[in-house]
Amino acid sequence: MRNKGQQYILSFSSDTIGDSRVKFRGFGVGKKSNDSARLIFTTTLGVVFGFFIGVSLPAVSLTKIRFPSSIITSLDVAFTELRRPNPPPSNRSLEDEGSGGVPKINVPTNPRGAETLPPGIIVPQSDLYLRRLWGEPSADLKTTPKYLVSFTVGINQKKNIDAAVKKFSENFTILLFHYDGRTSEWEEFEWSKRAIHVSVKRQAKWWYAKRFLHPDIVAAYEYIFIWDEDLGVEHFDGEKYIQLVKKYGLEISQPGLEPNNGLTWEMTKRRGDREVHKDTEEKPGWCSDPHLPPCAAFVEIMAPVFSREAWRCAWHLIQNDLVHGWGLDFALRRCVEPAHEKIGVVDSQWIVHQVIPSLGSQGDPEDGKAPWEGVRTRCKNEWAEFQARLLGADQAYLSQRGRG
């Protein structure tokens, strides 16, 4: 659209053609002077004349023009540098050098598989801290829990676990392994929204521990609790327990057990006259050495607590296929030294073993036996198998050392 006596001319601004932007500029045009007409006529004549001269000349192929190789190389470099931004040297990484300029990295001291990475970018360990999907990473965590508590649970023990979790402060990350696959029912508890839930049906505690509690995953925690679901905690406090573990230098420990319920070993029986004990007297003939299990260097597998360093060793003891962990408690002494000093029972923070065979209901009936019978049989068989494997490993090692 234009007004009478005025026209709009499309012009290209020299400072914007490079980035493909077009400007429209409108201006009024009145009666042209003779000088302007003469200038337009002269310009048009020059363009036409140049066109006819161009078509009359023979075509020249640029591909037939040979330049010295040094000039071509210089031109290639110049055009490459024009196309690619050149960051300041302080901000350059190996990716900025192009495929031909990347030096080979080989750092043998890096973790296995990461030898080709610069050491400064490697994060060899992880954690179970929950992160937000927004904001700055540095502001994600209001607190960083120092300890980890894991329970292997089914929905039938929901109230029991609720009572247990409340015995642990915000210094503890709560991790639930759900062997029955039911996780949504736990949302009624406020703490459950901050807990970590892992759901794999019909598995046992040590199966979960082997697969989800790798030492490099839980390295952020000073102590790791690996507990059953059927524990009464009326006389237990998590923070006080940690204080006593540190006070007595216990690397592997458990709370004392109420003597009237679920007691198998004298070592784990609570003593009312002390804070901690590290040895006991058992039935005649049960202990070949007062410093060896079950008279010392011994806790049960129902409620063990490991230091970060002790767990790194204990994790390697767990067999992938022996999921109940029977026999593991007798071998834990190999993970600390001296074991009879660094393994003990905390008496003043004690629990009750309620002896609820909940995993028995997760089995299948076989050969006319109830599900729980099959589970119990496998527990005993695993104990014998673990002892056989450990003995075989000891003998193989001693044989290699020439000690037969």
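Colleague: Is Trp326 buried, partly exposed or exposed?

Modeller: Buried means under 20% relative accessible area, exposed over 50%, and partly exposed in between (1.4 Å probe, protein chains only). Trp326 has 22% relative accessibility, so Trp326 counts as partly exposed. This is a predicted model in which local features need pLDDT of at least 70 and side-chain atom pairs count only at pLDDT 80 or more, while totals for chains, interfaces and linings use all residues. Residues are numbered from 1 along each chain as its sequence is written, and side-chain values use heavy atoms, with hydrogens and water left out.

Colleague: Which residue forms an aromatic pair with Trp326?

Modeller: Rings of Phe, Tyr and Trp (its six-membered ring) pair if their centres lie within 6.5 Å; planes under 30 degrees apart are stacked, over 60 edge-to-face, and the rest tilted. Trp326 pairs with Trp383, edge-to-face, at 6.2 Å centre to centre and 80 degrees between the planes. Trp383 is also partly exposed, at 28%.

Colleague: How many aromatic pairs does the structure hold?

Modeller: There are 28 aromatic pairs. One of them joins Phe151 and Trp227, whose planes stand at 85 degrees with ring centres 6.2 Å apart, so this pair is edge-to-face. Phe151 is buried at 1% relative accessibility, and Trp227 is buried at 0%. Ring pairs also link a cluster that includes Phe151, Trp227, Phe168 and Tyr241.

Colleague: Where does Arg270 lie?

Modeller: A charge sits over a ring if NZ of Lys or CZ of Arg is within 6 Å of the ring centre and within 35 degrees of the ring normal. Arg270 lies over the face of Trp350, 4.1 Å from the ring centre. Lys283 lies over the face of Trp286, at 4.6 Å.
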